[in-house]
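Hi,

Here is the structure I promised to pass on. Have a look at it first, and my notes follow below.

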Amino acid sequence: MRFVTYIDGPAGEPADRVGVLSGDQIYALTPGVTLRGLLGDDGERLHRAGEQALSDPRDVLPLNDVQLRAPIPDPPSVRDFMTFEQHVQGTARLAGAGAEIPPQWYDAPAFYFTNPAAVLGPHDDVPVPPGSDLFDFELEAAAIIGLAGRDIRASEAERHIVGYCLLNDWSARDLQSEEMAVRLGPAKGKDTSLTLGPVLVTADELAPYRSGTAFDLGMTAAVNGESIGTDRWDAMHFSYAEMIEYASRGTEVRPGDVLGSGTCGGGCLAELWGRKGRDAHPPLRPGDTVTISVDVLGTITSRIVAYRGSPASLTTE
């Protein structure tokens, strides 16, 4: 099944609603139900709610008539991994480290925690972070935890995944490089926006595409209609099961947690800069549109806008 979260209600009192997407129609669940609230078991509760909505929906709405939110607008945590070897190699060149991948990268699926409060929906504009002149996107596929667990073995980890969605890990490369020079971070380099969506595709729907570490499905990224790169989802070096095993070691993963794959090969400008130089493509600017796609998971097109706030540390008297 494919689940969406969308905005419902009058403009002054919007509320989140959940529905099942079938074709181009949304079959709505009962008001007040959230996707996080349907998680916590092996997926039975979610599937039962979806079947009920398809057979006896509270509402049926055209997909084009609603504003989608992130499927899980408020994840408890977001761990973003780095599992695509081609991406690691390309960005290593940008950092001046040559073409060598650190040997430690092969030892375990490295990740960092990013900001759950920065989650955006697939229709939301994306602001350039304050102080950044080197803005970039990252095409990823994320697993959503459905069943909590601690110290989970990789052999048992798949049953903890309820489904998958697209993830765009927006990155201020200039801020990121400055922060990581002090061997901490990324922080503000990754803190302003994180796009999830457009749908949560349940794990059983992807089972026919199982291949190697992931799925035999294409991944594509474009800026203003110009192709930036393509990859295959099963090019991941580590599997989601291995990611969950590492993430849950000595701690807990919880229903609604997001585990990003990390950027696929060719899935960002930084890799292009590392391979072809900074003149290969300009950084993102207000007015640009970024389109990312993964077969079966769908497509997100995001418009880049200027940041509308006035951070005290960046203003002048």
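How many aromatic pairs does a search of the whole structure find? The search turns up eleven aromatic pairs, where rings of Phe, Tyr and Trp (its six-membered ring) pair if their centres lie within 6.5 Å, with planes under 30 degrees apart called stacked, over 60 edge-to-face and the rest tilted.

Before the details, some ground rules. This is a predicted model, so local features need pLDDT of at least 70 and side-chain atom pairs pLDDT 80 or more, while totals for chains, interfaces and linings use all residues. Numbering runs from 1 along each chain as its sequence is written, and side-chain values use heavy atoms, with hydrogens and water left out.

Back to the rings. Phenylalanine 81 and phenylalanine 111 have ring centres 4.9 Å apart and planes at 40°, so this pair is tilted. The two sit 30 residues apart, phenylalanine 81 in strand β5 (residues 78-81) and phenylalanine 111 in strand β6 (residues 111-114); strands (E, at least two residues) and helices (H or I, at least four) are DSSP runs numbered from the N terminus. Phenylalanine 81 is buried at 4% relative accessible area, whereas phenylalanine 111 is partly exposed at 28%. Buried here means under 20%, exposed over 50% and partly exposed in between (1.4 Å probe, protein chains only).

Phenylalanine 111 also pairs with tyrosine 246: their centres are 6.2 Å apart and the planes at 85°, so that one is edge-to-face. Tyrosine 246 lies in helix α6, so the pair ties together parts 135 residues apart in sequence. Phe81, Phe111, Phe113 and Tyr246 form one aromatic cluster.

Now the inside. The largest nonpolar core has 58 residues, and Phe137, Trp233 and Leu284 are among those with the most contacts inside it. A core is a set of buried Ala, Val, Leu, Ile, Met, Phe, Trp, Tyr and Cys residues joined through side-chain atoms within 4.5 Å. Helix α6 (residues 240-247) gives the most to this core, with five residues. There is also a second, separate core of 24 residues, including Leu35 and Val258.

And the cysteines? The disulfide count is zero, taking a disulfide as two cysteine sulfur atoms within 2.5 Å. For cysteine 264, the nearest cysteine sulfur is that of cysteine 268, 8.3 Å away. Cysteine 264 is buried at 1% relative accessible area, and cysteine 268 is buried at 1% too.

Overall, the protein has seven helices and 22 strands, and 51% of its 317 residues count as buried.

Cheers
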